[in-house]
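The tour moves from the whole chain to a few selections.

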Amino acid sequence: MAACCSRRPEEMAAASEAALLGASWRRYRARLGALRSEAGPGPAGESSSSRRRRDTELHLLFDQLLSEACSGPPGAAAAAASPLLAAGGPGPEDVCELLVEACELVQLNQEHLVIKVCQLIHHLLTRFQVIVDEESLKFLLPYFIAALKQCSPWTHVEILQAVAASVYHNGPKCQKYLPDLLGEKGLLVQFSSPAQTDVELRRAAVHGMANLCLSMPGQLYLEEPYRERCFQTFLSVLQSSKDAVVDDVTFCMLLQNALKGTQSLLNGGKMKLTQPDQLGSLLAVLKKCMFHGLPGLNIEMPAILYPALLPQYDSQLALKQEKPEPSNFKPAGSRRKKAKAKLKKGKPEEELRGEQEGSEGGGQERPQPPGDGQQDPGAADAGMQPSSEETRAAFTKDPLPLHSLGWKRISSSDSEYSDAEGGLQSKTRSFQAKVRQGALTCFLSAVKSIEKKVLYGYWPAFVPDAPGIGSPQSVSLMTIALKDPSPKTRASAFQVLSAILEGSKQFLSIAEDATDHKRAFTPFSVTLASSIRELHRCLLLALLAETSSQTLTKIIKCLANLVANAPYSRLKPGLLTRVWSQIKPYIRHKDVNVRVSSLTLLGAAVSAQAPLPEVRLLLQQPGSSGLGGSGAGTPRPTAPAPAEPCWLARLCISLVAAPPREDGCSDSDAGGGPAAGLHEPLPVRLESLQVLALLVKGYFSVAAQSYLLELGEVACRCMEEVDPSVQLHGAKLVDELGVGIIQQHKPDSAVPPDQRVPLDLVVTFWTRMLNGPLPEALQNSQHPTLQTSTCNALSSILPEAFSTLPEDKQILSITMLLGLNHSENALVKAAAARALGVYVVFPCLRQDVMFVADAANAILNSLCEGSPNVRAKAAWSLGNLTDTLIINMELLGPHFQEEFSDLLLLKMLRAATEASKDKDKVKSNAVRALGNLLHFLQPAHVASPRFEQPIEESLQALIATVQSEATMKARWNACYALGNVFKNPALPLGEAPWTAQVYQALTLAVQSCKNFKVRIKSAAALSVPRERKRYGSPEQFSQVWGALVVALQRSEEAEDFLEFRYSASLRTQLCHALLHLLSLADEVDLPAIGATVAEQGVVLARYLLLYMKSGAEDEEVGGGEDLPERDQILARAIEHVRGIEGLSAGCPVKRGPTVAYLEDILKTHSKSSRGLVEA
């Protein structure tokens, strides 16, 4: 009640102010209307005395309107606009109508009135943030164009300011007037040309041009000629130098407007910087403007930056500096004491920091009003605290001396300038900082619009590199980040650097310095590694010296991007240790955004190329070192504390379920849902849950195994909360825990069996989950995303643990998944279909015919869904289901095949055939399922009339996929599927009409497919048949033999050099297939074989000898024979050919050449083997 009473006078005052403003506005409109009625139809019939009286009244009226528009404290535009445009006051359309009426009363020959009405338009639109409507624009723009053409030059600045305010966010509506404004001889182009000597006029024209380039998303955009003309104008402005007669503030405002215009062009999305000179020119001027007015530094940039591997020359010209005071060279400790003593005389430290952040770094950027940046000149940049700046100077190794910047030593009392000269310096510094920030913001837009591979060519120009011996360090983004006095500008520099680093993993993966470099030249990999190390050093220095919470957040996020993309496995250890040590204190920072970004950085560290030995050691450090210390060396292996195996896991658990903070939170802690009063702020808890999930994923044995039940309890509590985001992260944590357990229990796991999570503990964990919130979350149809994550979690259960669960829990899991398969939400349905595909391969479920049938029906239902994602998951599950059918067929024999429903089998065959015509993500698994199904068919199915057409269609689908332009995975799976088809003796391979088509598709793939893995699988499929008759006629056999020989000759020809790594595997598989064909050949096949031996014998012998010498070189081969077995394969082939040659009376080829050829190969191999043994 008291709060309501305290607010009531304020509300009453605001209402009263709005009423007064509305009344005065109506009074002005009435006076304007009266003057219009007095003017009559035109000035022709009006007497001179009445005209003079009307002009006088217009002067007075405009003066009063201007006085009211310009009243109030600067920067209060939004506050002023609120009561003016509130209910009861005029709206934007009323403002536009008044301005049009005012222009109608002013003739172009009345130049003083023209100036006043233009000033009125500029101030009203700028101050009250009104965007002119299209109807008003149709009158105002022609008026301004005519005024610029007819009025005297001394009026042009005010007219151009009115133009700029009117076209703000109206560029697409000005298409009709663009020829007059932006044409080859347009007014804005003329006034903004380098030949224009009046800088104020040029600035106003550039401002108008920049506002024309500004467009909202979804609006029409400037056509290409206008965009190019504007870009060249902005570029010429940014490349220009300041004349001696031009004051600094005006020049800064000119640069600001050009930067805003360039940024608008880049943000529009259609400004493609494809020409190297165009991009290089832009980057050169942006780099120059980034350092504009930075004290102690002046750089000369080349006109164009070219992409290069090494930094380009940029000369550093130190400005004339004061002689440094002796106090600046004292140890850091004494400086801090002195700084504290100064603060006692002035304002408190927190108050000073608040002023600094409020002036430059406070909060997010507000939308700029349509004005040209002429804000309060008194809003000067406050320097950093003396202690922080001295710390920055003490730690940095950059050759630019910070201690010599006299203006940074100004105390709080000295900074309040009392003379005009001091005020001008403050104003100049403020505008120079805005230019630097504008250049950085524009560069950020350029980074986002440039293709990454092009951008990284300019890496040395903007990213620091360790300076060579005796050479200065080149200026870079880190120069601004470490030396700029404005927190907001420093934050912008970190934001740009973060954008450059984002997605740079592939580029940075080249870096390497794990071994000492001792070569005559420096490889690029070493140079790049040096740059990565320098980035770590500079960012950690900035972290130590920074005081602004907003900038701290940007630094830590930039570090997180660097950590996420740097190739630590190829770098010397120690970098992550320094990052780890210095970020610990910020986990308990008072600002919630800093805490969240610190956790994000730790999450990036534990997910970077996990598992890293360095991170493993850091996690195993005792818990007492978790939140303090600043070690810089590589951690040494220490015995982990028995109670706390992983301090980071313990920290995150405590943050997720922590009691209320006693030290309070910053203003940014607001929000957090219903549980905000019981826990840490919601963003901190969510980030802690994400770090836990990453820890479990990358370092399960270190971070999660000892906390399994406790982490499960944390996940359960999260899923029981009201906030959906907390529930979702809890479900994801359960999913990661389940996946971690499965990975640890795999047969090929590196974890010894006695060190794995015990099976009874896994059963306890999943029993708690199924007794807890998991079933409720699965049935929560109000939150489909939560249902999806919970489905994924339930599918990550260890198969051995599932079989040990109580029967009711097994039934509960299966029933819920089958039910969710009928969900109307596509995400839920896709997750349920995938989970069924996981369950169907469980050993305890796959032999249950009823469950397999229920799962098949559910998966087939999802395979007909409209969502491509659902169909892709269902096709994957169908592939798993058919794998289960093959396993059961091999383990249980015909008994299982007879029990399985023929109708369901036919339904699956037709569904898979139809799915093979779908998109590639569906097709690749559909063809896998087809191969298994055709392998599973019994002779009774093949002979059945109702199976005849589906079998034919399914085979045609496989042939079409092999020959298609589908993804290589789909073609690879189709070749593998045909190999499975060949394994079914019930299918009439060799006799059926489709035999020739199947072999033709495979032989074409093995000879000419550009992907070697497809060739390998097609060669493997061609070597599957175990009887000669399944290869068909002699002509068909000869075609297969010839294709394999040609493929062997082409095995070293690859369009993509990445395919060469599979060439040895391909040759091995081809040789295996050739020997397999030799061991099955009939006497009618010998002529073709003999002809090949005669023509290509030398080449074949070389490859066959390589095959005999080499082992199974690649898992893609599929043969996996050792050397003795390969000898036996060749020996069997020789014996078989010798037998048929001995029986081939009347054969046109001379008797025994093939046998002699093969025996020579075997002898050569035996001799070389004995030689190797003796050696």
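Predicted model: local features only at pLDDT ≥ 70, side-chain atom pairs only at ≥ 80, totals over all residues.

Residues are numbered from 1 along each chain as its sequence is written, and side-chain values use heavy atoms, without hydrogens and water.

Colour by secondary structure next: the chain has 54 helices and two strands, taken as DSSP runs numbered from the N terminus (helices H or I, at least four residues; strands E, at least two).

Now select residues 784–794, helix 35; eight of its eleven residues are buried, so the helix is largely enclosed by the rest of the structure. Among the buried residues are Leu786, Cys791 and Leu794. Display the surroundings as well: the buried residues pack against several helices, including helix 31 (708–719), helix 32 (724–744) and helix 38 (826–839), with contact meaning heavy atoms within 4.5 Å.

Move to the loop between helix 26 (592–607) and helix 27 (613–619), where Pro611 is found. A cis peptide bond joins Ala610 and Pro611, with omega about -5 degrees. Select Gln609 in that loop; its phi is positive, about 50 degrees, although it is not a glycine. Gln609 is partly exposed, at 35% relative accessibility.

Finish at His169, in the loop between helix 7 (156–167) and helix 8 (178–182). His169 has a positive phi near 60 degrees and is buried, at 15% relative accessible area.

Definitions and conventions. Buried < 20%, exposed > 50% of the residue type's maximum accessible area, 1.4 Å probe, protein only.
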